[in-house]
Amino acid sequence: GLGKRGNWLWAWSLAIPSSSDDVDAAKTFISWATGPAYAELVAENEGWANVPPGTRTSLYENQEYLDAAPFAQMTLESINAADPTNPTVDPVPYTGVQFVAIPEFQGIGTQVGQEFSAALAGQQSVDEALANAQSLTTEEMEAAGY
């Protein structure tokens, strides 16, 4: 291989919108949802292998989790190998692993998602969706001057 992988699935991207009516409650929820008590609650009800991966370093120090989740070591290694400052084989004019820090990213994501959705709905082939996604992304990047 080329030594680089798309290690981005670890990003929860939890945030509190500035328009929130209850910032304190949102902070409390985020703290709980990413805390050790939630991990233990999930483990108790669904088993350790179903605890959301990548949320806490302590999860990867828990032998019960390591024993129950054969993917745990690979997940941890992937998280640690992600390099948002150097994310691709060839140099690119942005930083980011899954989220690309350019204004055009969200719109490209929406358009690409629509192409994949159309393929899933049988409106076009997977190859057509991939070609369309590549074409619209290239066009948008060129128009933006990248």
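This briefing covers the domains and the aromatic pairs of one protein. The model is predicted. The domain assignment gives domain 1 and domain 2. A search of the whole structure finds four aromatic pairs. Two of those pairs are described below.

**Domains**
- Domain 1 spans residues 22–81.
- Domain 2 spans residues 83–145.
- The C-alpha centres of domain 1 and domain 2 are 30 Å apart.

**The pair Trp32 and Tyr38**
- Among the four aromatic pairs is the one formed by Trp32 and Tyr38.
- The ring centres of Trp32 and Tyr38 lie 4.8 Å apart.
- Their planes meet at 70°, so the pair is edge-to-face; the cut-off for that class is over 60 degrees.
- Trp32 has a relative accessible area of 40%, so Trp32 is partly exposed.
- Tyr38 has 24% relative accessibility, so Tyr38 also counts as partly exposed.

**The pair Tyr65 and Phe71**
- Tyr65 and Phe71 form an aromatic pair.
- Their rings are 6.5 Å apart, centre to centre.
- The angle between the planes is 80°, and the pair is edge-to-face.
- Tyr65 has 0% relative accessibility, so Tyr65 counts as buried; buried means under 20%.
- Phe71 has a relative accessible area of 30%, so Phe71 is partly exposed.

**The aromatic cluster**
- Phe29, Trp32 and Tyr38 form one aromatic cluster.
- Within this cluster, Trp32 and Tyr38 are the edge-to-face pair with ring centres 4.8 Å apart.

Note on methods:
Residues numbered from 1 in each chain as written. Predicted model: local features only at pLDDT ≥ 70, side-chain atom pairs only at ≥ 80, totals over all residues. Heavy atoms only, no water. Domains from an automatic or database assignment. Phe/Tyr/Trp six-rings, centres within 6.5 Å; stacked < 30°, edge-to-face > 60°. Buried < 20%, exposed > 50% of the residue type's maximum accessible area, 1.4 Å probe, protein only.
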